[in-house]
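Work through these exercises with the structure open beside you. Try each task before you read its solution.

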Number of protein chains: 4
Amino acid sequence: METSGRTTPSDLQGAYARVRAVTERLASVLSAEDQTVQSMPDVSPTKWHRAHVTWFFETFVLSEYIPGYRAFDDAYAYIFNSYYEQVGDRHPRPERGLLSRPGVEDVARYRSYVDEAMETPLGDPDQPGLRDLITLGVHHEQQHQELLLMDIKHVLSRSPLHPAYLSGPLRRAPGHAPKAGWIEHDGGPVEIGHQGAGFGFDNEFPVHTVHLTPFGLADRPVTCGEWLSFMEDDGYRRPEFWLSDGWAVVNAQRWEAPLYWQRDPDDPERWLQFTLSGVRPVDPDEPVCHVSYYEADAFAHWTGLRLPTESEWETVAISHAKGDNVLHDDVLARGAPHPRPTLSTNAMIGDVWEWTSSAYSPYPGFRTAPGAVGEYNGKFMVSQYVLRGGCCATPAGHVRPTYRNFFPPGARWAFGGVRLARDP
Amino acid sequence: METSGRTTPSDLQGAYARVRAVTERLASVLSAEDQTVQSMPDVSPTKWHRAHVTWFFETFVLSEYIPGYRAFDDAYAYIFNSYYEQVGDRHPRPERGLLSRPGVEDVARYRSYVDEAMETPLGDPDQPGLRDLITLGVHHEQQHQELLLMDIKHVLSRSPLHPAYLSGPLRRAPGHAPKAGWIEHDGGPVEIGHQGAGFGFDNEFPVHTVHLTPFGLADRPVTCGEWLSFMEDDGYRRPEFWLSDGWAVVNAQRWEAPLYWQRDPDDPERWLQFTLSGVRPVDPDEPVCHVSYYEADAFAHWTGLRLPTESEWETVAISHAKGDNVLHDDVLARGAPHPRPTLSTNAMIGDVWEWTSSAYSPYPGFRTAPGAVGEYNGKFMVSQYVLRGGCCATPAGHVRPTYRNFFPPGARWAFGGVRLARDP
Amino acid sequence: METSGRTTPSDLQGAYARVRAVTERLASVLSAEDQTVQSMPDVSPTKWHRAHVTWFFETFVLSEYIPGYRAFDDAYAYIFNSYYEQVGDRHPRPERGLLSRPGVEDVARYRSYVDEAMETPLGDPDQPGLRDLITLGVHHEQQHQELLLMDIKHVLSRSPLHPAYLSGPLRRAPGHAPKAGWIEHDGGPVEIGHQGAGFGFDNEFPVHTVHLTPFGLADRPVTCGEWLSFMEDDGYRRPEFWLSDGWAVVNAQRWEAPLYWQRDPDDPERWLQFTLSGVRPVDPDEPVCHVSYYEADAFAHWTGLRLPTESEWETVAISHAKGDNVLHDDVLARGAPHPRPTLSTNAMIGDVWEWTSSAYSPYPGFRTAPGAVGEYNGKFMVSQYVLRGGCCATPAGHVRPTYRNFFPPGARWAFGGVRLARDP
Amino acid sequence: METSGRTTPSDLQGAYARVRAVTERLASVLSAEDQTVQSMPDVSPTKWHRAHVTWFFETFVLSEYIPGYRAFDDAYAYIFNSYYEQVGDRHPRPERGLLSRPGVEDVARYRSYVDEAMETPLGDPDQPGLRDLITLGVHHEQQHQELLLMDIKHVLSRSPLHPAYLSGPLRRAPGHAPKAGWIEHDGGPVEIGHQGAGFGFDNEFPVHTVHLTPFGLADRPVTCGEWLSFMEDDGYRRPEFWLSDGWAVVNAQRWEAPLYWQRDPDDPERWLQFTLSGVRPVDPDEPVCHVSYYEADAFAHWTGLRLPTESEWETVAISHAKGDNVLHDDVLARGAPHPRPTLSTNAMIGDVWEWTSSAYSPYPGFRTAPGAVGEYNGKFMVSQYVLRGGCCATPAGHVRPTYRNFFPPGARWAFGGVRLARDP
């Protein structure tokens with residue numbers, strides 16, 4: 001994590017207050033039971049997210065910078081450590097759903113206790129490294145806001161009752177997805193990585209040169225309508241489109257559509273999807289979402305094209321993209337987060353994360369921070385693929401063209417979609 | 001299930017009201033989160049137990065006997081069916097912990113709705129089979145009260161916080177377990193099975209003759225102190241005492257003590273145990289509890305003796321046993337259920353279930369009831385072993401000398417202990 | 001193991017020589033590769049069987065009774081110990097198929113070496129316990145002859161080439177299975193267990209009294225034709241017939257017919273079976289074979305009847321059975337072992353093992369021998385079910401009415417079939 | 001696969017004859033049993049390799065180019081297809097060890113049959129595509145020669161007897177590994193990919209520009225002596241060096257040294273290694289071998305350095321490397337293949353494959369060949385890492401600086417080692 005920008009104490013206080021309030025707002029529509037369930041090892045319970053982001057401030061800020069700081073509960077250091085090996089043992093990830101205690105009210109008290117204690121460092125953030133750590137904590141909590149939404153979507157989807165996270169109809173603007181066009185690039189050396197004044201995670205640094213081969217990038221993501229054509233052409237049953245590992249997963253898991261899609265029980269030819277506002281028909285104009293890297297790659301093979309590299313994506317996003325989607329700090333401002341129909345082109349930030357063909361690797365010269373906080377990104381740089389662009393569940397201010405998200409190639413519970421690229 | 005006894009409507013109304021109230025009392029000390037967690041596939045969440053016993057009355061009584069009865073929620077038939085294949089599909093058991101919805105308040109409403117509807121059949125229980133089904137439902141709910149306590153003990157034990165179900169010290173009477181003596185039996189033909197006027201489950205019938213070989217039965221169960229001697233003699237590390245399957249489990253699961261025992265972190269020579277009132281020292285005078293059949297059998301081999309058959313146990317329990325422990329309808333009447341120290345001998349009903357060497361099989365001439373309710377017991381008669389005697393978590397009126405409890409040989413989360421037998 | 005009979009040295013020498021020759025004859029039709037493959041953890045490679053039975057003589061006879069005996073290869077004690085914990089560590093069972101070395105020629109040399117060394121104890125078998133141990137070794141090797149055939153049948157069945165163990169058509173006598181009749185028994189006390197002068201395994205002792213309830217036993221085993229009726233009546237798809245554990249296995253393993261049955265690729269309505277002489281049509285007059293306890297029990301439920309207990313079976317076998325099938329020392333004498341059509345009734349020894357409803361438990365007063373050889377039977381007395389009667393792959397002289405075979409309820413690779421019983 | 005070079009028929013005939021003879025030579029020291037065992041799903045039996053490479057010629061050459069060609073055995077198309085989805089179903093990879101049949105003699109006959117049939121196309125290779133396919137088949141068989149050696153090493157290592165593949169002492173030249181130095185590179189654009197006249201696999205094309213950042217590359221691989229220092233510094237027990245996935249594997253598999261290393265039973269401080277010529281002491285001057293990507297990366301972190309990218313490696317190998325090791329067509333020419341001590345520097349081809357930090361991805365503009373043969377490389381381009389350089393088990397003529405080998409990050413049974421890189 002590095003920040004080149006400077007913030008005043010009150011900026012930081014405001015950012016802290018806002019991010020903390022948004023997390024609580026996201027949890028507030030959920031019952032205690034909803035906040036407790038873990039539906040698969042990758043998913044964490046809502047209350048765990050609420051406590052873990054709090055533990056992050058407690059561990060990396062309060063315990064380090066406030067002399068004599070007394071932890072809210074010593075056991076929480078064990079329970080709410082996600083993966084930081086260097087700060088001690090931790091509760092096993094697949095067992096987070098066994099934690100009936102601490103309860104949601106204990107977690108609320110924990111959050112208040114830490115918020116109160118944070119007033120001191122927020123009021124005087126000029127000790128070495130402090131401002132950067134608080135800023136990191138704010139962005140860390142934003143990341144977990146998106147994870148919280150991804151995770152609760154998975155939890156609720158596993159209930160036979162298919163409950164909505166937020167009810168109310170999904171509103172959509174009228175119109176249809178335009179035909180896709182191409183943004184062409186002549187190739188040659190380009191600068192890649194975070195250059196601006198604002199915050200960036202350590203994995204976006206350092207800036208370096210990459211040589212691009214000429215290519216074209218689609219000016220909009222693949223839609224559900226196009227995905228239905230792939231399905232109708234037996235895309236999920238023809239091995240010639242698939243990576244070998246992907247084909248094995250398709251067969252083992254019996255995939256036949258994106259995650260959360262289900263056949264309409266009253267009309268098996270028609271597809272429904274589970275969303276954060278309940279079950280509704282698949283909209284052909286929406287960008288396809290909740291597909292794995294394997295599926296994204298197979299779809300690209302089916303079209304005879306390919307996925308972009310992350311350098312290609314970033315280069316176009318910085319130089320060609322039109323006014324991006326407006327994201328809100330409070331991702332619930334427009335109702336339950338869901339990708340909107342693609343009614344115009346070139347917006348590369350905002351509705352679905354877009355799989356790239358780039359394995360998640362360190363940039364040349366990458367260095368991790370010393371100490372446990374250095375475990376933030378570097379140790380995950382293997383067997384994962386980079387996604388770019390943010391999604392409907394990403395808080396405003398959290399994403400930018402250089403932002404590198406990453407998931408294993410079989411993961412589908414992120415809001416991941418597809419943008420195609422082609423060779424000349 | 002068969003009942004020979006006759007009850008008046010008001011008896012039945014009273015029994016129904018009592019059992020329903022006790023279940024709610026058992027759940028009332030738990031938070032919504034506590035009631036939602038499933039800590040292993042064998043365990044069900046508290047709120048699931050509360051709803052399932054209600055579903056039993058709805059399915060087998062209300063839907064059958066009340067014309068036009070309208071189910072509280074059609075989805076519940078799928079969610080709260082435990083294992084009755086003949087009434088339709090059901091939610092997979094290992095996924096009961098994914099059910100954030102229905103929540104505890106929905107479950108409370110469901111219980112009230114069914115209780116109200118039950119007033120009609122309870123007021124006029126004389127239709128064919130009705131009284132028996134309601135009586136079965138009452139005993140079924142009692143069974144689940146014990147399961148609820150077993151299950152929540154396991155859930156809470158998995159929390160790093162080791163929370164108590166009911167706090168408050170475990171009280172014990174002064175004194176020590178007496179030296180064990182022997183009740184001798186000359187063998188010969190005996191009558192086995194339920195003969196009295198009261199309720200019995202189908203698996204206790206029919207009465208039949210068994211020929212016993214002369215034997216002796218210990219006059220008290222094995223204590224924790226004796227178990228500690230077994231452990232100190234390397235009982236868990238010497239294969240010569242163990243059944244082959246048991247030895248494989250000991251090594252795979254790294255068993256070195258009964259379930260819920262843990263070494264005192266401050267003194268690794270000392271053993272603590274997790275109880276429903278929290279962590280406390282192992283009391284050498286208590287009957288050992290939470291051991292598997294494998295462990296019970298290995299302990300018996302270590303002593304050079306053996307476990308009793310269920311016929312031996314039942315014969316002694318009926319003819320020789322002294323005044324049994326007083327059980328209460330409300331098993332919380334004495335605080336959190338826990339086996340009391342064995343301060344006198346011959347009481348065979350009440351503190352711990354006692355493993356017998358008898359595989360759980362049908363009695364000669366056993367018949368199941370027609371229809372789905374016939375799935376109650378018969379289909380589990382394979383690969384399980386019979387336990388006799390009831391335990392500290394069994395409601396009064398639910399256990400008797402002919403009662404056959406059963407678990408697989410590796411199960412430890414029941415309150416299962418050991419009583420030894422010997423050949424002459 | 002106990003023997004009451006007396007044998008002369010030359011009897012013993014003859015028995016030893018015969019059993020050793022038969023094992024080699026069974027292996028002689030197999031290639032080195034055939035003898036090496038392990039197709040599932042329960043199966044052992046042929047060459048492993050050949051060596052293990054040799055190790056048994058080496059360990060329990062030569063090492064104990066021949067001063068200064070030098071083992072053929074010290075590593076073999078580790079490799080060819082099956083499960084005797086008390087004689088040291090052993091090679092893991094599921095990895096027997098990794099043993100490319102020792103090769104079949106090494107094994108042949110090992111057998112010769114031990115045969116030569118055995119001449120001394122065979123010539124003077126009167127030291128305490130020696131004769132009994134050699135006799136036990138002979139019967140042990142006979143057991144492994146049957147296992148060898150069961151195992152190689154499984155190995156060959158997994159080859160896409162479906163090779164025959166012994167080619168040549170299966171000959172059958174003309175005629176059809178008669179309608180089944182009933183042998184009725186009035187119940188009452190009976191003596192159970194091995195009483196004769198010959199050899200018996202320890203699990204057949206001691207003789208004891210069992211009280212039988214009146215019952216009838218079918219006078220022939222269930223045929224493949226009857227099994228086809230069960231299948232046609234959706235027997236494998238109707239949970240009401242099945243034990244709960246069995247139903248789970250049916251679904252997990254997608255069982256729809258006995259093991260080794262397969263649909264005719266040219267006519268999916270017709271069933272073929274893989275046999276030791278290759279693939280051939282299912283013969284409706286043969287006793288059904290290669291079914292699990294779960295399937296046997298489900299079939300019995302479908303008929304409205306039940307399986308017999310082992311006491312019932314033994315009582316009838318001793319008092320009512322007609323001239324049993326002639327078994328041969330060399331089970332290949334009639335070609336590849338396979339159950340013959342049931343053309344007459346009452347023969348209870350010989351074509352298929354018959355599942356009983358009795359869990360495999362010690363008889364009252366059962367004692368194991370001291371030392372490692374005592375691990376022979378007792379430690380397997382859990383979670384298994386008794387089969388009676390012997391089968392087409394059992395050597396002559398190895399089976400008798402009191403013989404207790406046993407397998408877990410899901411095992412199908414033994415030659416296990418079904419005989420029905422009924423209550424009056 | 002593309003070839004720019006031209007070969008005369010007799011070149012091709014010679015290459016074909018040589019490669020076929022070498023495969024048989026590699027198998028000739030193995031027994032039928034050795035050739036049958038599969039020790040893990042990644043490993044194939046020797047006889048399977050012998051048959052599969054033959055199937056490759058039969059399927060892609062004979063069936064395509066010889067009118068009326070009759071397959072040796074139709075079942076072989078199913079059994080010996082490795083992963084080509086487009087030529088039909090195939091036998092499951094993890095079950096190759098179940099194939100007792102076809103036996104080694106059947107396989108020898110199959111090889112002769114195909115060799116004879118190949119005389120026609122080899123004599124007249126000028127039909128479109130034919131020469132390229134035969135050349136591909138020759139290189140394919142060379143790949144399998146190395147796999148055969150990797151696989152049999154693993155098979156023999158799992159035997160409690162630790163048998164040698166080829167006995168005879170490993171000879172080594174006197175002397176010690178020199179201190180490592182650095183080959184520095186100034187960065188900037190470089191051309192990557194296969195440019196020469198000879199054969200290259202499809203994954204080496206097309207040539208393209210990559211922009212390098214300045215870096216240094218070690219002039220020799222990491223030695224066993226250096227690896228022992230890593231181990232002594234608790235390298236396998238300190239999470240700070242490890243990728244998160246790697247740390248999980250280290251703990252799950254209890255890795256504490258490279259594959260095939262074992263503590264000397266007589267002196268637990270001393271390390272031995274299993275080699276193709278049996279167990280012998282670890283030689284500190286040898287390049288470390290049989291380490292995974294996870295271990296290579298952790299070692300690099302421990303030194304504070306990093307692994308090279310494949311572009312860095314290739315650039316140095318082409319421009320800076322000194323006379324490479326002489327490889328032989330017959331890798332047994334120097335005895336059992338084993339990495340030799342590193343007595344001089346800069347040789348980058350020959351003793352151990354070297355892990356790069358590059359995920360295995362298509363080069364810009366990569367295209368697969370049409371049809372099933374196009375499945376050769378492209379479909380494996382996910383979740384694998386590139387290794388460069390060849391090893392002691394690679395046949396001469398099979399490796400070159402642009403050659404891209406690849407394995408998953410946890411694989412250790414390849415002859416994989418480590419060369420370090422550094423930033424300026």
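A polar contact is a pair of N or O atoms within 3.5 Å; within protein, one must be able to donate a hydrogen and the other to accept it, and residues adjacent in sequence count only if both atoms are side-chain atoms. This is a predicted model, where local features need pLDDT of at least 70, side-chain atom pairs count only at pLDDT 80 or more, and totals for chains, interfaces and linings use all residues. Residues are numbered from 1 along each chain as its sequence is written, chains are lettered from A in the order in which they are written, and side-chain values use heavy atoms, without hydrogens and water.

**Exercise 1.** Find how many residue pairs are in polar contact between chain B and chain A, and how many salt bridges there are.

*Solution.* 
1. Count the polar contacts: eight residue pairs, both at pLDDT 80 or more.
2. Count the salt bridges (a side-chain nitrogen of Lys or Arg within 4 Å of a carboxyl oxygen of Asp or Glu). There are four between chain B and chain A.
3. Look at one of them: B:R101 meets A:D34, N to O, at 2.8 Å.

**Exercise 2.** State the area buried between chain B and chain A.

*Solution.* 
1. Buried area is the accessible area (1.4 Å probe) that two parts lose on being put together, summed over both.
2. For chain B and chain A the value is about 2300 Å². Carbon and sulfur atoms give 61% of that.
3. B:E33, B:L98 and B:R101 supply 31% of the area that chain B buries against chain A, more than any other three residues.
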